[in-house]
Amino acid sequence: MAAAAPLGCGVTRLACLLLLALVPGLPAETLPSSRTHFVILSGLGGEPLYEKRFAEQVKELEKVARRNAGDASLVHALSGEAATRKAIEELFARLKKDVAPEDSLAVVLLGHGSYDGYDYKLNVPGPDITGERLRVLFEGVPAERQLVVNTTSASGAVMELWKSDKRVVVAATKNGRERTATTFAQFFVEALASAEADTDKSESITAQEAYTYAERKVKDFYESEMRLATEHSRMEGELAGSFTLARLGKALEAAADPATREMMARREALEQQVGALKLRKESMAEQQYFDELQKVLIELAQLQTKIDDALGQP
């Protein structure tokens with residue numbers, strides 16, 4: 001324990017990683033680098049104002065996701081007339097084959113949702129797709145770390161249905177009875193390019209940070225308009241603090257540069273290992289915990305030095 005303390009004190013940025021919450025992972029020496037697959041689904045707008053709004057949000061999300069993924073093939077978007085139930089099912093059938101268990105899956109739903117007291121539906125061209133069908137599609141993807149952000153009206157209706165130990169679920173409304181078009185989507189998308197959302201100044205925007213930013217902005221919006229709020233967002237799951245959705249500054253440069261992209265992926269995998277140790281701490285002997293923690297932190301520090309050197313950063 002005493003040997004680990006100087007390292008933790010000397011690596012401030014890495015010490016902050018102990019606040020992350022993640023599912024248990026592999027030992028550091030065998031932990032594979034992972035990829036994040038992004039899926040953006042936007043249903044029908046119903047009228048020109050919403051059609052334009054949703055199209056702009058899809059465009060911005062695609063831009064952020066491509067920067068973060070470093071590989072355009074990992075970003076999938078279906079919107080407007082192309083976002084049929086059949087097209088959504090075909091997309092997830094491909095993901096079922098292409099996604100590895102160590103990969104992550106991030107899904108963002110935009111548009112209008114409905115709830116009749118029994119079933120949630122995402123409004124798409126042709127037959128709508130139900131919340132239950134979407135749950136089956138999510139479950140079919142092997143990724144052991146998943147994030148689903150449903151920004152539609154009535155989105156709170158699927159919170160219990162979509163909850164899983166391996167999944168973070170965000171909904172723009174607290175239940176299916178909040179049926180008014182939401183503002184949450186606008187602020188969630190905005191968060192992914194905002195230094196204000198980066199509360200820990202790590203140059204990475206996590207799902208937790210994006211949610212916190214959007215939640216606050218929605219509240220401010222209704223207060224400034226002196227209107228009764230018609231949406232109250234919710235989030236369930238323990239992985240939000242570890243799920244990186246966007247990068248800023250030097251972190252963005254590193255993710256975009258082929259020379260450092262793999263190192264960034266490895267760093268995130270190691271960060272996941274730190275979080276896994278945090279969750280397992282109570283079930284481990286104290287010395288074993290600090291021994292394993294020190295091992296991962298040392299590799300993280302060495303890897304960060306290599307990334308900084310590659311970017312010419314002190």
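**Salt bridges, strands and nonpolar cores in a predicted model**

Arg-35 is partly exposed, with a relative accessible area of 37%, where buried means under 20%, exposed over 50% and partly exposed in between, as found with a 1.4 Å probe on protein chains only. The structure is a predicted model, in which local features need pLDDT of at least 70 and side-chain atom pairs count only at pLDDT 80 or more, while totals for chains, interfaces and linings use all residues. Residues are numbered from 1 along each chain as its sequence is written, and side-chain values use heavy atoms, with hydrogens and water left out.

The side chain of Arg-35 meets that of Asp-103 in a salt bridge, with 3.3 Å from N to O; the term stands for a side-chain nitrogen of Lys or Arg within 4 Å of a carboxyl oxygen of Asp or Glu. The two partners are 68 residues apart and so link distant parts of the chain, Arg-35 lying in the loop between helix H2 (12-15) and strand S1, and Asp-103 in the loop between helix H4 (85-98) and strand S3. Helices (H or I, at least four residues) and strands (E, at least two) are DSSP runs numbered from the N terminus.

In total, 11 salt bridges are counted. Another of them joins the side chains of Glu-196 and Lys-217 at 4.0 Å, N to O, and this pair also links distant parts of the chain, 21 residues apart, with Glu-196 in the loop between H7 and strand S9 (204-206) and Lys-217 in helix H8. Glu-196 counts as partly exposed, at 42% relative accessibility. A further salt bridge connects Arg-234 with Glu-236, whose closest N and O atoms are 3.6 Å apart; Arg-234 is partly exposed at 21%, and Glu-236 is partly exposed at 26%. Both residues belong to a network of salt bridges that also includes Glu-160 and Lys-163.

Turning to the strands, 5 bridges join S1 to strand S2 (residues 75-79) in a parallel arrangement, where pairing requires that DSSP finds at least two bridges between two strands. Phe-38 has Val-75 in S2 as its bridge partner. The chain passes from S1 through H3 to S2 in a right-handed β-α-β crossover, a term meaning that, with the strands pointing away from the viewer, the path from the first strand over the helix to the second runs clockwise. Elsewhere, 3 strands form an open antiparallel sheet in the order S4-S5-S6. Strand S4 (113-115) and strand S6 (129-130) each have a single partner strand and stand at the edges, so one side of each lacks a neighbour in the sheet. Strand S5 (residues 120-122) is joined to S6 by 2 bridges, and Leu-122 has Ile-129 in S6 as its bridge partner.

The largest nonpolar core contains 39 residues, of which Leu-147, Phe-184, Leu-192 and Leu-245 touch the most other members; such a core is a set of buried Ala, Val, Leu, Ile, Met, Phe, Trp, Tyr and Cys residues joined through side-chain atoms within 4.5 Å. Among the elements that each supply at least two residues of this core are strand S1 (36-42), helix H3 (48-69), strand S3 (104-110), helix H7 (184-191) and helix H8 (207-224). H8 gives the most, with 7 residues. Apart from this core lies another, of 29 residues, including Leu-41, Ala-87, Ala-143 and Ala-171.
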